[in-house]
Every structure is written in C-alpha cells, then in structure tokens.
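Please keep the structure in view while reading.

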Amino acid sequence: MASYKIFPCGDQGITIQFGNQIISGIHQRLIEIKHIFEFEPFVGLRDVIVAYSSLTIIYDSFRVSQYYKQSSYQYVKQKLEEVCNLSSAKAESSSPLKRIPVCYNESFGLDLKTIASSKKLSVEEVIELHTTTTYHVFMIGFLPGFPYMASINEKLVMPRKTKPRQQIPAGSVGIAGLQTGIYPVISPGGWQILGRTPLSLFSKEKDNPVLLRPGDDVQFYPITKDEFIAYKE
Amino acid sequence: MSIRVVKAGILDTIQDLGRHGYSSLGINPNGVMDTYAAQLANCLVGNNLNEGLIEFHYPASQLHFSKEALISITGADFTPFVNEMPVPVNCPTVITKDSTLVFKKRKWGARCYLSVSGGFEISPWLKSKATNIKIQAGGFEGRALKKEDVLSFKPGKSFTNAPTNVRALHWSVNTSVMYKERSHISFIPGNEWNLLTEESQQCVISSPFKIDKSSDRMAYTLLGERLSYKPHEELLSSAVTFGTIQGLPDGGLLVLMADHQTTGGYPKIGHVISAHLPKLSQCSAHEEIRLSPASIEDAEKMLISLQQEIKIIQWSCAQKLNEIYA
C-alpha cells in the first residue's frame, strides 16, 4: 500500500492524499474507499470527493461529535485509517467503457486548427489521436458533471489558453495539459476546444443528473455534423 | 398567502443550509453565507433550522405581503421598515396583510435574512431549496428574485390571538457576541501552509488584509502584501470547501465562500473555521480583517458551542411561540 497523509480540510472535512502523482492503481483504491464509506455511511457524513491522488470526506462536525461523543476529526480520521488498512479487494471493478460521440466539425472545434498547426499535425491526425485513446475519469469538478480525464497522447499536449474564453458552449470537448474534459454547461473557460458532444453531461431534471463519475473509462468517437444534429433531435 | 416583489434588489435569493451530498458530482452546496443568522431567523418563527428563506444583499428588494405573516429578519441591519414603521431585527414580528417591507439603509453587514413562519412554497432540487444561479437550479426558478415574482408561503402560526397590528413580539436574540470583533478571523493551517516562505507565513498572521470589491458569494479576494512560496512542484487539484483559503499565483489570497467550486488546484494555505464563517460573511468590501491560526480542536469546540447555543434558542423560541399561539 502506498504511503499516505491525512490532514484536515477545514473543521468539517478531512483529506487523505497519496502523493502528488497521477497513478491509476491509487485512483482505483480511492474509488474503493469512497464506495466503502457510501455503502456504510457514518452519522453526519455529507460527501466523499475523489480527486486525482486524494479523497476528501465532508461531514457535519456537530452531528458527528454529538452522535459519537468525541472529536469529529478524530472519529473520521480513525474510520479512514481503518478503511485504508483493510486489504484491498482488488475487484478491478471494470465499469463498461463509455463511448461518447464528438463532432469535430470546425464550427465546434474552436481550437482544432490552432492545435493542428502548432503540433505540426493535420486536423485528421488530431482527431485520430484524440479518439484512439481510452481515458480514465479521475475527478468531477469545476462545474456540475465536468469530468477531468487523463491522459491524452503526448503529441497533443497543449497548455491552457492564455486568455480564457468568456463563453464555451455546453458539450464542448477540450484539452489542457495531459487532461481532456467536457464542459457540461455554458461557462467561461481556458481549455483548448476540439469539438462538441450532443450528449448532456449534466441534466438537472434527472434524478441522476450527471453522466460520468470518477472511475469511469471513456472513449470518444467522431460523428458528422448531420449525425450531431440528428442526435440532438 | 404570498409575497410579491415590488422592486428587485441586487441579489436576493432563496437559500437554506446547503445542498450537501453532491459535491463529488461537481454540484456545490450553495446555501446561505451566514449560517448563524439564517438558523436564528428560522428559530424565531418556529421553523426548522434548514427551512428555506430569503438572503438579501443591499440594496434589497421591496416586498408586498398579501396576507398576514409572522416573520423575522436577522443578520446584517438594512434598516427594515413595514408601512413606514421600523421593524426590529432578530425579533419575531407580525406583519398585517397588505403591508410593504422596505430596507432603507445599510447600517452594517453584508447579508440579511427573512424567514416566514411556515416557510416558502419552494420545491426542493436534489433535496435542497438553495439557489444555484450558475446552473439555474434550485430556489425560486434557479435565479435571483425579480420584480413581480410571487412567492407563496405555507400557513404558519395562526394569528387569532395575536396582536393585530404590525408588531414585534416581546422577545429577541442578542447577536452582538457573534458579530463583535468581526475583523478577527481564525483559520486552520492548510496542507500547503508550509509551502509559504517563513516571511510570508508571518505576513499572513500579522498583517491586515482588505476585502476587495470583487468579493461575492463565490469567493472573497483579500488584498494585502504579496506572498511568496518555496519552490514546489505543481499541485494536483483536490477538494476544497466553504472557507478554504487559496494562495493565487500572483501572491494574493482568495477565501472560498458558499458558491465555491468543489475542487481547486491552488495551494491551500488554510481554512477559515466554521464558527467564524458567519462573521466573515458579514464583512463587506473595503473592510479589513486579520487572520490568526487555530487548532482543529479549538475550531470544533467553537462550532459545537455555537450549534448548542442555536439549539437552546430554538427551544426557547418554540416555548414562547407556544405560549402565544396555544
């Protein structure tokens, strides 16, 4: 088991961190820890947030301390250590690959040409490189349902835009560093935009409002603009 | 039984104590900024602590009551008047039908709360009535209140034996202890506190910071000396929370507030303790604050005593209301 560090995230949160590297085995372990807490939540548990190499438990400090008659931080820390020391089930919980259609038409792929020219690739090669890799969802953050996925082919790595756009349309698929992501709702943002998916990453009407979750594996496949429009209807 | 918005304020929303349990999906809790004032407002009129209420900023909305109501106004003092009569703050008040509530002048504080006995008719989204403006969900149509909006409220305490005019009931809560020394804010040092140089650590705990005018429900920008960091590798994003103090690349500080994002990649210098978030939420632009470190043990003790105080107030208010409305 990799070494970890546990520290407060405020007085109603606690974080466990396994270094500062993106390692899929560690992320798998974090997902397992999250499932254990969600399967048997302690009184006062509010949220378990998985990120790249860390997991944060948010709790209602007053409720925890009233129920368990001790310091809430000490209580949750002890629970976390217990769960971490359980031998990993190594269930390799292979969730089915989620295939996401993306239209790489230049009206949607706002930065497609810039990326291609700065990487000395054709637009077709950029699309090929982006659609032949399987990505892992490490974290949901920034916006409801925004998946932080990694890692993209190194030939595509681009920094964020120096000047973020004021408005990026919902469904826009972008890259930043080794990451790729999808804007679920219209938002300002600095990622380089390759295309757009007709799928809704976030729908507030649904009981399950978010399409992707940490631990999911994702692959993109290209569709034409006509297919995109047909999908939307 | 309804309230109509006669004139809109700059940012008045329906909130409760937050939409918890969805941060892992990137859906942040939102909810009131000043949880202390909001809970008191609900206590005073006999509601649950988590009941939805209106959070006002100044200039605030003007509201017309079509029906008699038992209300309370807490938090900042925006000089509330009903039909040209002053309304005391932190005190349950009966408003007769066809009354208009206006807020005349900001005396102190940044946010005030209006609770109506019985609560507003708001259908929850993901188990909460809090407004998420960014994604237009929750609260009243997922947005700030505007002119001609009509908010229905559920029947609360009946008024058969109650005073018939616009009148304050005869008890109130003294909130001066909470809001005195508003500028003294304690924080728990964060995981990246040690990335600050020693001079910068000293600077955080000994120099004042001014709240920038860009500060809002999402974050407070603190203006002060530029802070510097020891050399370090780029950090991976991880969860952040209400009160997290982030160090920005330009050497500035940002305190995340109720509408914060769920994750962030900047160094976490510290976290404002929960017991001090209400008073920080009442600090306005240009006010100065001072930060001092606290232990997790002390932070927990202060939060427990605060919640216990609220429980006692809730119980006492319920007793008083029962005497009147028995």
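A salt bridge is a side-chain nitrogen of Lys or Arg within 4 Å of a carboxyl oxygen of Asp or Glu, and in this predicted model the count between chain B and chain A is zero salt bridges.

**Between the chains**

- Chain B and chain A bury about 3600 Å² between them, and 60% of that area is on carbon and sulfur atoms.
- Between chain B and chain A there are 18 residue pairs in polar contact, counting pairs with both residues at pLDDT 80 or more.

**Between the domains of chain B**

- Chain B is divided into domain 1 (2–176) and domain 2 (184–294), whose C-alpha centres lie 29 Å apart, and the contact takes 25 residues from domain 1 and 17 residues from domain 2.
- These domains of chain B bury about 1400 Å² between them, 49% of it on carbon and sulfur atoms, and B:Asn28, B:Met33 and B:Arg111 supply 38% of the area that domain 1 buries against domain 2, more than any other three residues.
- The count between domain 1 and domain 2 of chain B is one salt bridge; the side chains of B:Glu55 and B:Arg217 meet in a salt bridge, at 2.8 Å from N to O.

How values were computed: Residues numbered from 1 in each chain as written. Chains lettered and ligands numbered in written order. Predicted model: local features only at pLDDT ≥ 70, side-chain atom pairs only at ≥ 80, totals over all residues. Heavy atoms only, no water. Buried area = accessible area lost by both parts, 1.4 Å probe. Polar contact = N/O pair within 3.5 Å; in protein donor to acceptor, adjacent residues only side chain to side chain. Domains from an automatic or database assignment. Contact = heavy atoms within 4.5 Å.
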